[in-house]
Amino acid sequence: MADMGESRCQTHGNSCGRQDLSRSQDSSCSLYQQTYNVILTSSSFNTAVPLVVDPAATRDDDIQESDKLAVDLDLPSEFLAFTSPYKLPFGFNTNFDSDKIIPPVGRPCTMFPDLLRRYMSYIVNGSCHDDELLAQKLLLKGYEPLPRRRCRPTAQRDYVEPYPLPESLWTTPSDSSRLTIAKTALISMAERNRWSSTKGAGLDFSIDEVLAVKKPGTIRIGLDIGGGVATFAVRMRERNITILTTSMNLNGPFNTFIAARGVVPLYISISQRLPFVDNTLDIMHSMHVLSNWIPTTLLHFLFFDIYRVLRPGGLFWLDHFFCVGEEFEQDYAPLIESIGFNKVKWVVGRKMDRGPELNEMYLSALLEKPLNNSW
């Protein structure tokens with residue numbers, strides 16, 4: 001599991017550090033939302049070929065410089081068809097405060113036109129290409145959310161129905177060799193024993209001691225960020241607690257495997273705003289993933305997003321956060337303390353798996369959003 005985490009960090013780290021986008025790229029992103037008011041006709045849903053959109057034919061002659069940039073990129077017609085503003089059938093809607101609906105797309109809209117063109121090139125009403133890796137590459141480059149498409153995705157051949165619950169939680173799927181890497185992670189002794197003890201020790205908190213902090217039954221729903229094969233969610237389900245697990249398919253089809261176990265995967269990167277309303281979740285957990293490989297400012301935003309979605313009195317279990325010793329005192333401890341959590345448990349220890357000379361540290365912390373005055 002450590003190797004999987006390191007690979008995840010290295011792959012995603014290339015996009016996390018990309019903080020500056022040019023003004024022209026920003027304007028071309030908003031261009032789709034502001035000026036491409038190409039509305040699909042009913043006949044477009046019956047066509048066997050992608051729509052061909054002529055942006056210039058749908059706009060005024062006064063084309064700004066940023067508009068020309070997007071037109072010159074020759075973006076796929078299906079991309080323009082999805083990202084264009086759509087008039088609401090019944091006119092102005094007070095909920096939208098508009099008479100249009102604008103489908104969202106990731107901020108780096110035009111930074112990777114070649115990848116985007118490959119992803120959005122398909123036959124309408126036909127089959128999508130087998131492009132799961134391409135989609136993930138776009139996500140990790142910050143293109144999140146991806147645009148919707150009008151094609152059917154490829155599926156595993158000779159698909160086998162999953163095992164029924166609760167058998168599926170701990171039974172290795174037998175349906176496909178595609179799951180070999182994820183299956184290996186599940187059947188490892190370390191994974192099977194993770195969070196299984198009733199009493200924790202040092203950095204290793206137990207689930208039962210964390211739940212004991214709150215009244216029985218008040219921890220009901222939550223999220224595990226970067227949860228690997230979702231063993232945390234499975235352990236919580238055994239206690240009648242519903243946990244969603246965010247995971248990318250790095251080193252294997254982890255989302256498919258998580259679903260095969262009978263718990264819910266959430267296919268988003270650590271860069272995306274969490275898709276929950278403020279003050280709703282009872283518990284948030286993350287092990288190894290939220291650490292010093294993430295740019296500090298991005299990590300600060302992420303911790304505040306975790307604070308946002310937790311209800312007052314909700315728990316954030318930061319499980320084995322790692323960094324270099326001097327970074328912890330100078331940067332990360334003050335950063336975490338600045339969010340506004342109450343410290344329930346805070347344990348710091350040496351990270352020795354790569355050698356003591358690196359002076360790496362672990363932090364395991366149980367933090368609580370204040371029940372009152374949590375703003």
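Leaving aside neighbours within four places in sequence, aspartate 319 is in contact with Trp195, Leu203, His285, Ser286, Met287, His288, Leu363 and Ser364, contact meaning heavy atoms within 4.5 Å. The model is predicted: local features need pLDDT of at least 70, side-chain atom pairs count only at pLDDT 80 or more, and totals for chains, interfaces and linings use all residues. Residues are numbered from 1 along each chain as its sequence is written, and side-chain values use heavy atoms, with hydrogens and water left out.

**Aspartate 319**
- Aspartate 319 sits in strand 7, residues 310-324; strands (E, at least two residues) and helices (H or I, at least four) are DSSP runs numbered from the N terminus.
- Aspartate 319 is buried and has no salt bridge, the nearest side chain of opposite charge being arginine 194 at 7.0 Å.
- Buried means under 20% relative accessible area with a 1.4 Å probe, protein chains only, and a salt bridge needs a side-chain nitrogen of Lys or Arg within 4 Å of a carboxyl oxygen of Asp or Glu.
- For charge, Lys and Arg count as positive and Asp and Glu as negative, while His and the chain ends are not counted.
- The side chains of aspartate 319 and tryptophan 195 form a polar contact of 3.3 Å, a term for N or O atom pairs within 3.5 Å in which, within protein, one atom must be able to donate a hydrogen and the other to accept it, residues adjacent in sequence counting only if both atoms are side-chain atoms.

**Leucine 315**
- Leucine 315 also belongs to strand 7, and it counts as buried because its relative accessibility is 0%.
- Its C-alpha atom is separated by 9.3 Å from that of glycine 222, 93 residues apart along the chain.

**Strand pairing**
- Strands 7 and 9 run antiparallel and are joined by eight bridges; two strands pair if DSSP finds at least two bridges between them.
- The bridge partner of leucine 315 in strand 9 is glutamate 368, which also stands opposite asparagine 342.
- Strand 8 (residues 342-351) pairs with strand 9 in the antiparallel sense over nine bridges.
- Strand 9 (residues 360-368) is largely enclosed by the rest of the structure, because nine of its nine residues are buried.

**Nonpolar core**
- The largest nonpolar core has 34 residues, and Met284, Leu290, Phe303, Ile306, Phe316 and Leu318 have the most contacts inside it.
- Such a core is a set of buried Ala, Val, Leu, Ile, Met, Phe, Trp, Tyr and Cys residues joined through side-chain atoms within 4.5 Å.
- Helix 12 gives the most to this core, with six residues.

Technical notes:
Buried means under 20% relative accessible area, exposed over 50%, partly exposed in between (1.4 Å probe, protein chains only).
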